[in-house]
Amino acid sequence: MSEIATGTTSLLRASLSRTGKWAGSVAFLSGAVSDVLNPLGPFAAYIALVAAVAAAIIAIAMVLRLVLAAKAMPALIFATSAAAIAGGVYGVQQETNSQNGVIAALVPAVAELQQSLGIVSMKVAKIEKTVTETQKTVEAVKQTTDTLAAGQQQQQAQAEKLQATTEQIAASIDTIAKGFAQLAAQGGAIADPKRPDEFYHNARVYELAGDMLNARRAYLAFAGFDVDAIDPYTRFATLLRVQDGKAGAREVFGQLAGKAKAPAIKLVHLLQFDDAQRLDKLNAFISANSDYAPAYFLLAQEFSEDRLGSQTLADKRSEAEALTKFVSYEKDGGLLKYFVDQTQLADWLDRSRTRLAALGDVLDPSRFVPTLTPTRSNAGWSMTISLPEPATAISWRLGDSGPFTDTGLMAMNDQRTGKPMPNPSFELPDSTVATTIGIKYLDIRDRETGPFDIRFDPDSALQQGNKQILDQFWTSWIAFDASGNHGLVYFTQMLSFRCAIKEVRYSLNGTALDKEIKMPPCDAKDPYAIPADYQPYFKVKDDVKSMAVQVTYTDGTKSPVREYKRQ
């Protein structure tokens, strides 16, 4: 044993002499570096722990002869030295509470070196501070979120409660209407109103008494129930317009509409806008609420004579269409759910029916179209246009395509429009063949109407025109002893308009119609000219006292039997 101990001692001394200096130096340098880097972390403690564990492992391996002592001894010396020096440095750091290291506390130059090279340490400190502040912020946000969530849950509960109340009220419009009717029969204001019908009743009572302030308050209280009935809000809007003007009414209903769900409030709000803007908003509302019946009655008012002063055909049609739609909802009591005051509903229905009766068959498109009256002369055709309403301009074209030609203006004003009257006629050459003539015009609001395509057949038009003249001036068909030509019977007028005549039958001193006047053929190029070789008269005896005539026209119809007395 003494020999083993002596050998071990000798080996230790030999190793210390060989490795002690450099091992101690490296261990000291490691301790110094760990002290300088202390702001980044306790590196001295880490080195001491790792070195101590390494020394213990090497020592056990040597005792168990797992490694040769001669080779393991230098590593054991280095590990032991590093553990001792690093442990000592960490102990001094803890004793002096030197966060930046012992050397930095004793040597200012090292502290400056840490600041110049230890940016990481400063950044780490800032990051730690930021993390701390962020954590505080997160906690604050979480608290705020929890508060908001609780508030939202409370608001949601209130909204659900309000929704349930609203649905209950909406489902009981009939109950409200009945309650209102009973209160109206009793008369007088309710001292402590609580129900919607009571507030509406009070509003009407105060309004009739001239107490507009309390009426206004009662209307606002009724609106707070969000009842989807149209008549209370239209009456309230009327009151507001009288008191505050349209802008004031628009502001009040704008605030109500922003909070309410009832379409009736939103509908009455948009009615407080002006003219075109109001109409645009009303159409947009109907597009979004196509089955909301009261909107159609209100839309009809936008095109009414009361609103516009004078109506175009387009206005009348729009009014009739909207009123027809509104009245259609009356079936099965479909309108009752929109009115608290049933007398208001009765008034709307009565006004709708009266207007529809006055408008007549305005919705029949075939009844209100322009017409053309062609008149043939030796020079050509004169086309006279007849419009179903006043116009500010008229234009036409031949055929189905191509530009339209304006007829121009006459040197006089149309009293119905207050503007120059458009020329209602235009000319066509006699060579015009059968075609389509397009007609369009501007109504009194300068809205284009048409085009309307009208068929024009020159032959048919000539025959119809001649027939019309013959029927209208039938007393001139026959002339006895004209211009002193005794014994002659002239039929010049029939001859001039013969293009409409197929046959002329006549009889003398009776109605047998046993004779015929042979007419020359129609000359479409010169229809009114009498051939030079044709005599427009025939001779009769003195005993002829009368003549009966009947004309068969080219369209197959026959004139009445006309009788002419000889003077």
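Cysteine 499 is buried, with a relative accessible area of 4%, where buried denotes under 20% relative accessible area, exposed over 50% and partly exposed the range in between (1.4 Å probe, protein chains only). Cysteine 522, by contrast, is partly exposed at 38% relative accessibility. The model is a predicted one, in which local features need pLDDT of at least 70 and side-chain atom pairs count only at pLDDT 80 or more, while totals for chains, interfaces and linings use all residues. Residues are numbered from 1 along each chain as its sequence is written, and side-chain values use heavy atoms, with hydrogens and water left out.

The structure holds 1 disulfide, a term applied to a pair of cysteine sulfur atoms within 2.5 Å. Cysteine 499 and cysteine 522 form this bond, with their sulfur atoms 1.8 Å apart. The torsion about the S-S bond is about 85°, so the disulfide is right-handed. Cysteine 499 lies in the loop between helix H18 (492-496) and strand E12 (501-508), and cysteine 522 in the loop between strand E13 (515-517) and strand E14 (537-539), so the pair ties together parts that are 23 residues apart in sequence. Helices (H or I, at least four residues) and strands (E, at least two) are DSSP runs, numbered from the N terminus.

Aromatic pairs number 23 in the structure; rings of Phe, Tyr and Trp (its six-membered ring) pair if their centres lie within 6.5 Å, and planes under 30 degrees apart count as stacked, over 60 as edge-to-face and the rest as tilted. The rings of phenylalanine 297 and phenylalanine 326 have centres 5.4 Å apart and planes at 55°, so this pair is tilted. It links distant parts of the chain, with phenylalanine 297 in helix H13 (residues 294-302) and phenylalanine 326 in helix H15 (residues 313-328), 29 residues apart. Both phenylalanine 297 and phenylalanine 326 are buried. Phenylalanine 297 also forms a stacked pair with tryptophan 348, at 4.2 Å centre to centre and 15° between the planes. Tryptophan 348 lies in helix H16 (residues 342-359) and phenylalanine 297 in helix H13, so the pair ties together parts 51 residues apart in sequence. Tryptophan 348 counts as buried at 3% relative accessibility. Elsewhere, ring pairs link Phe180, Tyr200, Tyr219, Phe222, Tyr233, Phe236 and Phe253 into a cluster.

Salt bridges, defined by a side-chain nitrogen of Lys or Arg within 4 Å of a carboxyl oxygen of Asp or Glu, number 28 in the structure. Glutamate 319 forms one with arginine 355, the closest N and O atoms being 2.8 Å apart. This pair links distant parts of the chain, glutamate 319 being in helix H15 and arginine 355 in helix H16, 36 residues apart. Glutamate 319 counts as buried at 2% relative accessibility, whereas arginine 355 is partly exposed at 23%. Aspartate 192 and lysine 194 meet in another salt bridge (2.5 Å, N to O), and both of these residues are exposed. Asp275, Arg278, Glu302 and Arg307 are linked in a network of salt bridges.
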